[in-house]
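Colleague: I would like to walk through this protein with you. Shall we take it in short questions?

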Amino acid sequence: MRHGESEANQANRFTGWLDPPLTARGIAEARAAGATLAARGLDVRTAFASPLLRAVASCAFALETLGQPEVRPRLCEALVERDYGELSGLDKAQACERWPPDQVERWRRSYAETPPGGESLRDTAARVMLGYVRDILPAAMRGTTLVVAHGNSLRALVMALDGLTPDAVEDLELPTCAMRLYTLAPDTTVLTRTCLEPTLQAVDGGS
């Protein structure tokens, strides 16, 4: 699950390792995600979250709405968002004033290109997969596991789970609070995958 809308998302800024809070809409999105999980009858045994505030808060709101506030997310440094380096804090227009727009887009979407002072998606994938194999996968094999992180750290994880090529992952978009539900075989391979995109109407009629 990607976190709900943050103040930086709302302002269309490259966020990376910056730590803005959720907006009111982001809180509603996280609650809607929890309602979607509840509607599927899921019983979360373990939760992992990036240590950044927007992910931790989204995880807590989702679990509360799911009816499982006692599940405390384990903070996983490997899930932290991609470091955007010198792009961090800039909105898209400001970035395109400083660098050619096509270069900014390549930094944003490509697998291997690295923004100044930051990480490529390939760099992000290396640490995300280490955390997945070391921490998340063992928990997932024991029971339903919720993972709450960021657009790029989750793109890296989905790339591995779905077997996407570097070219294909460039087109992968994960909206705020979008979820992917995977079931795993005893040998840890993926049996099924389902895309879930909660709507705000899932909680209190969208209020």
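Colleague: Which residues does G16 touch, not counting residues up to four places away in sequence?

Modeller: Keep in mind that this is a predicted model. G16 sits in the loop between helix 1 (7–10) and helix 2 (24–39). A contact needs heavy atoms within 4.5 Å. With residues up to four places away in sequence left out, G16 touches L52, R54, E81, R82 and Y84.

Colleague: How far apart in space are G16 and R82, C-alpha to C-alpha?

Modeller: In sequence, G16 and R82 are 66 residues apart. R82 is also among the residues that G16 touches. From C-alpha to C-alpha, the separation of G16 and R82 in space is 5.3 Å.

Colleague: Is G16 buried or exposed?

Modeller: Buried means under 20% relative accessible area. G16 has 1% relative accessibility, so G16 counts as buried.

Colleague: Now the overall fold. How many helices and strands does the protein have?

Modeller: Read along the sequence, the pattern is α-α-β-α-β-α-α-α-β-α-α-β-β. Counting its symbols by type gives eight helices and five strands.

Colleague: What radius of gyration does the protein have?

Modeller: The C-alpha trace spans about 50 × 40 × 25 Å along its principal axes. A compact globule with 207 residues would have a radius of gyration near 17 Å. The protein agrees with that, because its own value is 17 Å.

Colleague: What share of the contacts between residues at least 6 apart in sequence join residues at least 24 apart?

Modeller: G16 and R82 give one example of a contact, and they are 66 residues apart in sequence. Across the protein, take the contacts between residues at least 6 apart. The share that joins residues at least 24 apart is 72%.

Colleague: What part of the accessible surface belongs to carbon and sulfur atoms?

Modeller: Buried residues make up 49% of the 207 residues. The accessible surface comes to about 9,600 Å². Of that surface, the part belonging to carbon and sulfur atoms is 52%.

Colleague: How far apart do the centres of the positive and negative side chains lie?

Modeller: There are 22 positive side chains and 27 negative ones.

Colleague: On to the cysteines. Why is C76 too far from the closest cysteine sulfur for a bond?

Modeller: C76 is buried, with a relative accessible area of 3%. A disulfide needs two cysteine sulfur atoms within 2.5 Å. The closest cysteine sulfur to that of C76 is in C59, and it is too far for a bond because the distance is 12 Å.

Colleague: Which cysteine has the sulfur nearest to that of C195?

Modeller: C195 is exposed, with a relative accessible area of 55%. C195 is in no disulfide. The nearest cysteine sulfur is 15 Å away, and it belongs to C177.

Colleague: How many disulfides does the count come to?

Modeller: The sulfur of C76 is 12 Å from the closest cysteine sulfur. For C195 the nearest is 15 Å away. The cut-off is 2.5 Å. By this rule the count is zero.

Colleague: What is the phi of C177?

Modeller: C177 lies in the loop between helix 8 (166–169) and strand 4 (179–184). At 2% relative accessibility, C177 is buried. C177 is not a glycine, although its phi is positive, at about 65°.

Colleague: Is T188 buried, partly exposed or exposed?

Modeller: T188 is in the loop between strand 4 and strand 5 (190–196). Its phi is near 80°, a positive value in a residue other than glycine. T188 has 34% relative accessibility, so T188 counts as partly exposed.

Colleague: Which residues is V128 in contact with, leaving aside its neighbours within four places in sequence?

Modeller: V128 is in helix 6. At 1% relative accessibility, V128 is buried. Leaving aside neighbours within four places in sequence, its contacts are A78, S153, A156 and L157.

Colleague: P138 is also in helix 6 (residues 121–140). Is P138 buried or partly exposed?

Modeller: Buried would need under 20% relative accessible area. P138 has 33% relative accessibility, so P138 counts as partly exposed.

Note on methods:
Residues are numbered from 1 along each chain as its sequence is written. This is a predicted model: local features need pLDDT of at least 70, side-chain atom pairs count only at pLDDT 80 or more; totals for chains, interfaces and linings use all residues. Side-chain values use heavy atoms; hydrogens and water are left out. Buried means under 20% relative accessible area, exposed over 50%, partly exposed in between (1.4 Å probe, protein chains only). Helices (H or I, at least four residues) and strands (E, at least two) are DSSP runs, numbered from the N terminus. The radius of gyration is taken over C-alpha atoms; the globule rule is 2.2 Å times the number of residues to the power 0.38. Accessible areas come from the Shrake-Rupley method with a 1.4 Å probe; for residues, only the protein chains shown count as cover. Lys and Arg count as positive and Asp and Glu as negative; His and the chain ends are not counted. The place of a charge is taken as NZ of Lys, CZ of Arg, CG of Asp or CD of Glu.
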